[in-house]
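Good morning, and thank you for joining.

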Amino acid sequence: MINIVGVRFKKAGKIYYFDPKDLELELDEAVIVETTRGVELGIVSLTKKLVPQEDVRGELKPILRKATPEDLERSRRNEAREKEAMIVCKAKIEAHGLDMKLVDVEFTFDMNKVIFYFTADGRVDFRDLVKDLASVFRTRIELRQIGVRDEAKMKSGIGPCGRTLCCSSFLADFTSVSIKMAKEQNLSLNPTKISGICGRLMCCLKYEQDTYEEIRKRLPRQGSIVNTPMGRGEVLMNKTIKEQVKVKIFGEGEDVIEFFPISECEMIKGSYEDNSTGKKEPKPDAEETAASRKKDPKAGEPSPEPQAE
């Protein structure tokens, strides 16, 4: 077993795991850690926890120390420099006539690297831009192209629900969202109603999808035949949220249409076909066919083939 501690570097960013050594750390405490990018300041999001050695991939980097007031002040100065770097970089992009949109700037804690995040419709030749930025900031420069969902996560904003965007408040990773989810949840397929401010399908479509899939497994399909407390009928539609089915009851007179909970409906196996009255009745099942053959041995047998003379 080995001790690990989870650390985040951004509010809704991924959790990375480190070796706490002998440090006793509390939740939301600032720490200085060693990463592949260099020395960074992060926030403890998961306190010390014992996990099996085989669950840890690779070698855990150590937490160097708890953040001091001087470290916190240095982090605030870096944030101020990031705002200045945004202004400088935007001016350089405009001067070079590059078709790209600057989204965010990030200084590493030790000031060994500056990362510029941008969006663009295609590939951008920014080699000359990197040279200009390096001459201004006198450090390593990295330009990283991101997608529109990442842009929304960095910029944040208010979603159609009136709350802060999920991606910028608590979602650490983006999940795959498809138009099929909107269809299965009976939502309007109007793009303006099911898309977030990033222009992609809203992440919240995924939240209830597992519940819809579980309920749909128990719901009879539209057009199937079921037994209900009022008799046998045909399923016209499903109400997934209420776990109900709309059934047209077969009868001699006018059709009766009622809603029933799925717990009161018994699915009949097999297909159905039109009878002479125009009503849809299920085909007889195996037990009924076997019983009829006992009464009439010739029932259900194929007609004999004509013999050649």
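Does Ser 156 count as buried, exposed or partly exposed? With a relative accessibility of 31%, Ser 156 counts as partly exposed; the limits for that class are 20% and 50%. Please bear in mind throughout that this is a predicted model.

Let me stay with Ser 156 for a moment. Ser 156 sits in the loop that links helix H3 (148–155) and helix H4 (166–169). Its phi is positive, about 65 degrees, although the residue is not a glycine. As background, most residues other than glycine have a negative phi. Asp 28 also has a positive phi of about 65 degrees without being a glycine. Asp 28 belongs to the loop between strand S2 (16–18) and S3, and at 58% relative accessibility it counts as exposed.

Now the overall picture. The protein has 309 residues, of which 33% count as buried. Its secondary structure comprises eight helices and 15 strands. Among contacts with a separation of 6 or more, 55% are between residues 24 or more positions apart.

I turn next to strand S3, residues 30–35. Five of its six residues are buried, so S3 is largely enclosed by the rest of the structure. S3 pairs with two strands that I wish to mention. With strand S4 (residues 38–51), the pairing is antiparallel and runs over six bridges; the two strands form a hairpin with two residues between them. One of the bridges places Val 33 with Glu 40 of S4. With strand S5 (residues 63–66), S3 also runs antiparallel, joined by three bridges, and here Val 31 stands opposite Lys 66.

From there we move to helix H1. H1 has 28 residues, and the distance from its first C-alpha to its last is 41 Å, close to the 40 Å expected at 1.5 Å a residue. Which residues of H1 are buried? They are Asp 71, Ser 75, Asn 78, Glu 82, Ala 85, Met 86, Cys 89 and Ile 93. In general, an α-helix has 3.6 residues a turn, so residues three or four places apart point the same way.

Asp 71 deserves a separate remark. Asp 71 has a relative accessible area of 7% and is therefore buried, the cut-off being under 20%. Leaving out residues up to four places away in sequence, Asp 71 touches Ile 32, Leu 41, Arg 65, Lys 66 and Phe 109. Just after H1, Gly 97 adopts a positive phi of about 65 degrees.

Which residues touch the most other members of the largest nonpolar core? Of its 18 residues, they are Met 100, Val 105, Phe 116, Leu 133 and Leu 143. H1 (69–96), S6 (101–107), S7 (113–119), H2 (127–137) and S8 (140–145) each supply at least two residues of this core. The largest share, four residues, comes from H1. Taking Val 105 and setting aside its neighbours within four places in sequence, we find contacts with Glu 82, Ala 85, Met 86, Val 114, Ile 115 and Phe 116. Apart from this core lies another, of 10 residues, among them Val 235, Val 245, Phe 260 and Ile 262.

Finally, a further sheet. Five strands form an open, antiparallel sheet in the order S12-S11-S10-S9-S13. Its edge strands are S12 (256–261) and S13 (266–267), each of which pairs on one side only. Strand S9 (residues 225–228) pairs with S13 in the antiparallel sense over two bridges, and Val 226 has Met 267 as its bridge partner in S13.

Note on methods. Residues numbered from 1 in each chain as written. Predicted model: local features only at pLDDT ≥ 70, side-chain atom pairs only at ≥ 80, totals over all residues. Heavy atoms only, no water. Buried < 20%, exposed > 50% of the residue type's maximum accessible area, 1.4 Å probe, protein only. Pairing = 2+ DSSP bridges. Core = buried A, V, L, I, M, F, W, Y, C linked by side-chain atoms within 4.5 Å. Contact = heavy atoms within 4.5 Å. Expected span 1.5 Å × (residues − 1).
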